[in-house]
Amino acid sequence: MKIILKYIISLKILLWACIAIYPQSYPFRSISVAEGLQDLIVNALYKDSLGYIWIGTASSLERFDGVHLKSFPIPEEGKRKDVNTIIEMPGHELWMGNRTGLWKVNGEKLLRVAADTIRSGVYSLCSDGKGTLYIGSESGLFIYNSKGVERILLDPNVLSGANFIMGMALDDRDILWVITRKGLYSVVLSGKSILFHPCLMNGQVYEDGYNNIYSLGSMLYLGTTEKGIITFDKCTRQFAHWMDLGHVTSLSGNGKDMLYVGTNGNGAYFVSINKKRIIRSFRHEPGNEKSLRSNSVYSMLVDREGLVWIGLFQFGLDYTMYQSGIFSTYRFPPFFDSEGLTVRTIELQDGEKLIGSRDGLFYLDEKRNLFRSFKSPELRSNMIMCTYTFYGNYYMGTYGGGMYVLDPLTMKLRDFDIHEPFPFIKGSIFGINADYEDNLWIATSKGLYCYKDGKKIRHYTNTNSKLPEGNVYGIYFDSTHRGWIYTESGLYILESDSDRLITDRFPENFIHDKFIRTVYEDSFHQLYFLPDKGTIYSSDLSLKQCRDLSSIEVLKGKNAMFMIEDKEGWYWIGTNNGLYRYKGEKIEEYDFSDGVSSPIFLTCIPRIDKDGTIWIGNSNGLLFTDSGKITKGRKYSYSLGITGVYEDVNKVIPVIRENAMRYRVELENIPKSLIIHFSAFTYTDPAYMSYEYQLEGGDTDWIKLTGKSEVVYYGLPSGDYTFKVRRIGDPASEISLMIHISSAMNLWLWILLGGMSLLGIIVFLYCKFRKKRIEQPKKMESITIMKYKSCHISIQECRELSDRLKSIMYEEKLYINPNLKIADLSDRLEVPVYILSYFFNQYLNCSYYDYINDFRISEFKKMIEDGEHSRYTLDTLIEQCGFNSRATFFRNFKKVSGITPNEYIRRNKKQSE
C-alpha cells in the first residue's frame, strides 16, 4: 500500500510539473456584484443562438449581453434555488433546471414547467435538437416533448442513487448515456431498455463520486470527485483511469480533440485527447491581475468564438474578452514575448528583428533561431530612443547612454565614437538617418552631427549655425534630398547642395515654428508634418499648396505619433489614443477588439516587410498584421440586438422581436425618459465597443457612440419613431426599433382639462382686471414635456446654471440625500425640469443620475482619504455618500474610477504609508 501511495504522489508531482509548462496568460474581465450580478456562486453557463450568455447562480438566472445584466428571479420562497443546468430549445426557448424543478424563460419571467410531475431538483438537460428534452433529476429521468412528460426510473427503488442523475450525453446511435450517483447507465431510446455499467478498475468497483459526462466517438469521459477523469470505451465496455486533475466540476469539449475541464481547487484546463496532455491552464496566481480570481471553478464554457467563460465559487464570473485577430502581438517562443513591452523602435531585415524599448534592446534572428537581449549594465541606459539599419549593421541611440553599433553576425555591441564622449558616451541620441550620399546624420542632445565612413565631417550647434540651443530631435530627407530638422523651437531646412540651414523660406501660416515630432513623404510626394500637439499638416514639395487634416473628425483632440502609407495606398496613423487607417473619405479605427493591446502609441515609425506585413510599435507590445487580415476585415458571429428598453429608468418595456433586424415596443404613456439598451454580442472590453445611432424624428444625423451600449431620450411626445443603430462603418449591420408612444388621455380627461382651461381663463381675466401686476406662479413640473429642439437656453445661461449648481452641491451637499430627484433640483434652482434635462444631456453630455453620482463618488473618496473607512463599514460609507444600493455604488464607482472601491482603498492605504 505504501508503494502504491508513493507512486501516486510521484505521479501527481510529475503531472503538476507538466502543467506548469503549458500555462497561458489571458486578460480576464470579471463580472460580480459591481456589474449587477445577483449572486457570486456561478453553477452553470450557456451561450444561446442569439449571442446572449446565460448565467446560472445560486439564487437566480442571469442574461448577459456584454454590458448589461438582466436578472430572472426564481419565484420560490424558502427553498434553495441553485441553477444547475441551462439549455436552448427550438424557437430560441431557454430552459433551466434548478434545485426545485424545471423552468423556462417566458418573456420577462421564469415559468415553472411540469410542476406536478417533476417535483425534485433537475441537474442535467439534454436535447435531441428536434423538440425532445431529456431531463435528469434527483428522482429519475424525464422525457419531455409535444406528447407530454414521461418518467423513467433507472432503478425500481425510487430512493436509489441510480435515480439521482448528474449528467447525460446523447450519441448518434440513439443511446442516452446517463451518469448517476451510483454509476453509468445507458438507455436505448427506441425501446427504453436500460443497462447498468459497473466501473471495475484494478480489481475494484468504483461506485461513488461521479459529477459529469462527455461523449466523443466511441469514448465516454467521466468527471469524478476523487479520481479525476475516467474513460469508458463503448465498444469494449471497459473503464480506465485517464487523467487526475482533482475534483472535476465541469466537463465539455470541442467535438474534436479538446476537453475543457473545470475543477474545484485546481483551476481550469484545456486537455488534448490525442496527446493526453494539458495544453493550457487557467489558475489563480497571487499578484497576477490577468489570472483567474479563484481556483474554485464551478462551471466552464468555451463558446464557438473561443472565448473562455469560467464560473467561480463566491467570485462570480471571469471571461476572456473577444479579439478578432486582425492584429497579433509578436512572440518568438521560447525566447521572447513582446507583450507588456513599450516598443519605441523597430528594424527589419531578412528574418532579423531589432526591437528597441524602454527596457532595453532585443535582437532576434528567426532563420538562425537566435535571440539576444541587451540591458544594463551592458548598456549605459535601457531607454532606446532610435535605431537605424546602415550597411548591414544596426545603429542605436539611447537616452543618456550615448550611441552603439550592433554587428548581427557576432551579436556584439561597440561604442559608436569614443572620441566624442558627449554625446556618444554620456549624452542622448534622438534620431539617426542617412542622406542620398550615404552620410550618416545623428540628432543629439548636443546638436546635429554628420559622419562619413565613420568619421565626423560636420557638427551643427547654436554657436556655428541657426540651430537653437538644446536638443535636436531628428532629421528627415525628402525626395528632393532636402533635410528637415526638427527641434523644440521649430523646423529647419538643410539644403542638399550647400548644407546650409534655412529658416526663412517658409510660407505664411506654415507650422515651422512648432515642435514637430516627425515628417513623412508619401508616394504622391506629399509631405506630412506631425506636431507635438495639434492637427497634422500637409504640403506639396514646393510648400505652395498647404492644408491641415482637421477634416478627419476622429483625430480631433488627439496627438498623432506616426504616419505611414502601406502598399495599397492606405495611410496608417497612430495617436496617443487610438490607431487609424484612412483612404479618401473612408476611415477605420482599430482597438482592443481587433487585437490592439493598448490605444497608446509612441513615436515609433512602423515598418512594412517584403511580404506586406505591417509592424507597429505599441505601448504594450509589438503588433503586426498583413493585408490579408485587413482585407478580410472583422467578421461577427451574431447580429446586433436590442437587449432592453426601459421607461423612466426602472420600468421594463416588453420588446417584440419581429425578425433579426427589426424590433418593436409600444408605450401607453408619454415617458419622461426612454432608455434603449443594445449589444453587438462581441464580449470585448466595453470601453472599445463602438456604434452609431439615429432616431428618425428626433436626431438629424448619425451619432457616434463609444464606450457605451445605451441611449437615453428625454421628453419624447406621443407619436411613432424609428431608432436605428449599427456598427460604425457597417451599414449592413443596421437594426431598427419601432417605437410607438400613444396618448393616455381619454375623452373624459379632455373634457376635464377643457373645463379646467376655461376656469383658468376666467380666473386670469379676473385677476388682470383687479391687479396691475400678476405674481409669478410657483414653479411646478410641466404635464407636457417639451422637446429639446424647442428648449431655448443659451450657452451663457448654461454656464451660469452650471456654476449655480456646483455651488449648491458643494455648499449644501444635496447629493447625500438618496431620494434626491431632478424635480427637487428644479425647485431649488427655480428652473423647469425640461430645462434641467436639456442642461444635463445636451450641455454637460451626461444624465442627471451620472452627474449626482459623480459627487457621491467624490464624497466617498474624500472619506477614504480622511481615514473614515477605519471607523465605519463599507455599507455605512456608501449610505453616507447618498447611495441607497450597494450594487449601484459598485457599478458607478468602477465606471468613474476604472477600479473597484476595495482596490481604491488598498491603493490609498499604500500611498499613505
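Biologist: How far apart are the mean positions of the positive and negative charges of the protein?
Modeller: First, a caution: this is a predicted model. The protein has 109 positive and 107 negative charges. Their mean positions are separated by 3 Å.

Biologist: How many helices and strands are there in the protein?
Modeller: The C-alpha trace spans about 110 × 105 × 55 Å along its principal axes. Of the 913 residues, 51% are buried. The count is eleven helices and 70 strands.

Biologist: How far apart are the end C-alpha atoms of helix H5?
Modeller: H5 covers residues 795–812, which is 18 residues. At 1.5 Å a residue, the span should be 26 Å. The model agrees with that, since the end C-alpha atoms are 25 Å apart.

Biologist: Within what arc do the buried residues of H5 fall, seen down its axis?
Modeller: The buried residues of H5 are Cys798, Leu801, Ser802, Leu805, Ile808 and Met809. An α-helix has 3.6 residues a turn, so residues three or four places apart point the same way. The buried residues of H5 line one face of the helix, because they fall within an arc of 135 degrees.

Biologist: Which helices do the buried residues of H5 pack against?
Modeller: On the other side of H5, Asp803, Tyr810 and Glu811 are exposed. The buried residues of H5 pack against helices H6 (822–829), H7 (833–843) and H8 (848–865).

Biologist: Is Tyr683 buried or exposed?
Modeller: Tyr683 sits in the loop between strands E65 (673–679) and E66 (690–696). Its phi is positive, near 55 degrees, though Tyr683 is not a glycine. The relative accessible area of Tyr683 is 0%. Under 20% counts as buried, so Tyr683 is buried.

Biologist: What is the relative accessibility of Asn369?
Modeller: Asn369 also has a positive phi, about 55 degrees, and is not a glycine. Asn369 lies in the loop between strand E36 (360–365) and E37. Asn369 counts as partly exposed, with a relative accessibility of 44%.

Biologist: What is omega for the peptide bond from Ser376 to Pro377?
Modeller: Most peptide bonds are trans. The bond from Ser376 to Pro377 is cis. Pro377 lies in the loop between strands E37 (370–374) and E38 (384–390). Omega for the bond from Ser376 to Pro377 is near 10 degrees.

Biologist: Where is Pro334?
Modeller: The peptide bond from Pro333 to Pro334 is cis, with omega near 0 degrees. Pro334 is in the loop between strands E32 (331–332) and E33 (336–337).

Definitions and conventions
Residues are numbered from 1 along each chain as its sequence is written. This is a predicted model: local features need pLDDT of at least 70, side-chain atom pairs count only at pLDDT 80 or more; totals for chains, interfaces and linings use all residues. Side-chain values use heavy atoms; hydrogens and water are left out. Helices (H or I, at least four residues) and strands (E, at least two) are DSSP runs, numbered from the N terminus. Buried means under 20% relative accessible area, exposed over 50%, partly exposed in between (1.4 Å probe, protein chains only). Lys and Arg count as positive and Asp and Glu as negative; His and the chain ends are not counted. The place of a charge is taken as NZ of Lys, CZ of Arg, CG of Asp or CD of Glu. The expected span of a helix is 1.5 Å times one less than its number of residues. The arc is that of the directions from the helix axis to the C-beta atoms. Contact means heavy atoms within 4.5 Å.
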